[in-house]
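Hello,

Here is the structure I said I would hand over. My notes on it follow below.

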Amino acid sequence: MTRIAAVHGVLAPHRHAQREITDMVARDCLPAGADRRVLDRLHHSAAVRSRHTALPLDRYGGLDDFGAVNDVFIATAVDLGAEAITGALCAAGLSARDVDLLMFTSVTGIAAPSVDARLAGRLGLRPDVRRLPVFGLGCVAGAAGIARLHDYLLGRPDHVAVLLSVELCSLTFQRADTSAANLIATALFGDGAAAVVACGARRHTAAGATGPTVVASRSHLYPDTERLLGWDITASGFRVVLDPAVPDVVRKNLAADVDGFLSDHGLDRRDVTAWVSHAGGPKVLDAVEEALDLPDDALDVSRRSLAETGNLSSASVLHVLRDTLTAGRKPPSGTPGLLLAMGPGFCTELVLVRW
């Protein structure tokens, strides 16, 4: 089986209390003299205490051009990506020359050559490294990325594959956009990155990896939900699409998806010793908890991640995975765990692991 040899998360360089970001959004997004009570209420209810941003807050007011914003994305993504991959490889006891596949995912900027190509020379990856840049999966891409590494390594059990997620959500905030979707996004999303090193069945023993193994994955795309979550691409950049019905879709569908997946592997929810859920926001986490009838503390790691860093889009579930693996109360060895995330489509990705 594929083994997760290491997970390393990093955050953008500028850390702010939620109140500081609320004040910045009020200054840059609301008309002069506007009543900010709705904004204050949204930011308070997001259950976020602090977030990290790619730029100092006073720089965001001057970002009027999509090209200039995207230049910041590329430069910052390369720096954070290099830090995340270097840390993950070091933790796994591997070098850049060991990497056979590098998958890069982001939904907050674009680049050609892609960020993974820009990292190859900087990190010392082999010239024959396989690269797979992925755009559009959004928040689900952390879980989907692990699933796709597993698919690749099943056919190449001697290989090492790396997933890199970099999300700079602050660069997508739209000035002068007072829509509920934009204000909610400014309340929830933060900037960060994460890298996962995975080894094939014949490689992980040689590398000495001791992390969890990936057993299987399942994807589910729900019909007629394209406008629930995503982007409208505009002259000013990415304008968020965020329908308030997202938690209801989770409540309606998640239990059947999870139960069917677990049943196919001779398991049920009671067997799962740790739930690694994307920290999508308090309403999404409540919906996951309610749909699966989880104990009150089952998503504590996800809620702490949301409070400390906000929703990091595709990197969020990877930070939660890292925190689950390094927590004082680690899951019992050999027991099953379930990693799950949701994203544009609307879709879910489930990854069954064994700790």
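**Helix packing and the sheet**

Helix α8 passes α9 in a right-handed crossing. Please keep in mind that this is a predicted model.

The α8 stretch covers residues 246-263 and α9 covers residues 282-292. Their axes come within 8 Å and cross at roughly 35°. On the α8 side the contact is made by V246, P247, V250, R251, L254, A255 and V258. Facing them in α9 are K283, V284, A287, V288, E290, A291 and L292. By type, the residues of this contact are 11 nonpolar and 3 charged, with no polar ones.

Next, the other partner of α9 that I looked at. Helix α10 (residues 300-309) has an axis that comes within 11 Å of that of α9, and the two cross at roughly 175°. An angle over 145 degrees counts as roughly antiparallel, so α9 is roughly antiparallel to α10. Here P282, L285, D286 and E289 of α9 meet S302, R303 and L306 of α10. The make-up of the α9 and α10 contact is 3 nonpolar, 1 polar and 3 charged residues.

Within α10, the residues V301, S302, S305, L306, A307 and T309 are buried. Their cover includes α9 and β11, along with β1 (2-11), β3 (50-53), α6 (180-188) and α11 (316-326). Directly after α10 comes G310, which has a positive phi near 75°.

Now the sheet. It is open, with 9 strands in the order β5-β4-β6-β7-β1-β8-β13-β12-β11, and its pairing is mixed. Strands β5 (130-134) and β11 (274-277) form the edges, each pairing on one side only. On average, neighbouring strands are turned by 20° against each other, direction ignored. Helix α8 packs on this sheet and touches β8, β11, β12 (336-343) and β13. The direction of α8 makes about 35° with that of β13.

The pairings at the β11 end of the order are as follows:

- β11 and β12 are parallel and share 4 bridges; W275 stands opposite L338 in β12.
- β12 and β13 are antiparallel and share 8 bridges; G343 stands opposite C347 in β13.
- β8 (residues 213-221) and β13 (residues 347-354) are antiparallel and joined by 8 bridges; S219 stands opposite E349 in β13.

The hairpin of β12 and β13 has 3 residues between the strands, and one of its residues, G345, takes a positive phi near 150°.

Is β12 mostly covered or mostly open? Strand β12 is mostly covered, with 8 of its 8 residues buried. From this strand P336, L338, L340 and M342 point one way, while G337, L339, A341 and G343 point the other way. Both sets are buried.

To put the pieces together: α8 is in contact with strands of the sheet and also meets α9. Helix α9 in turn meets α10, and β11 is among the elements that cover the buried residues of α10.

Regards

Definitions and conventions
Residues are numbered from 1 along each chain as its sequence is written. This is a predicted model: local features need pLDDT of at least 70, side-chain atom pairs count only at pLDDT 80 or more; totals for chains, interfaces and linings use all residues. Side-chain values use heavy atoms; hydrogens and water are left out. Two strands pair if DSSP finds at least two bridges between them. Axes are lines fitted to C-alpha atoms, for helices over the stretch in contact, and angles run from 0 to 180 degrees between N-to-C directions. Contact means heavy atoms within 4.5 Å. A crossing is left-handed if the near helix is turned anticlockwise from the far one by less than a right angle, and right-handed if clockwise. Ala, Val, Leu, Ile, Met, Phe, Trp, Tyr, Cys and Pro count as nonpolar, Asp, Glu, Lys and Arg as charged, and the others, Gly among them, as polar. Angles under 35 degrees count as roughly parallel, over 145 as roughly antiparallel, 65 to 115 as roughly perpendicular and the rest as oblique. Buried means under 20% relative accessible area, exposed over 50%, partly exposed in between (1.4 Å probe, protein chains only).
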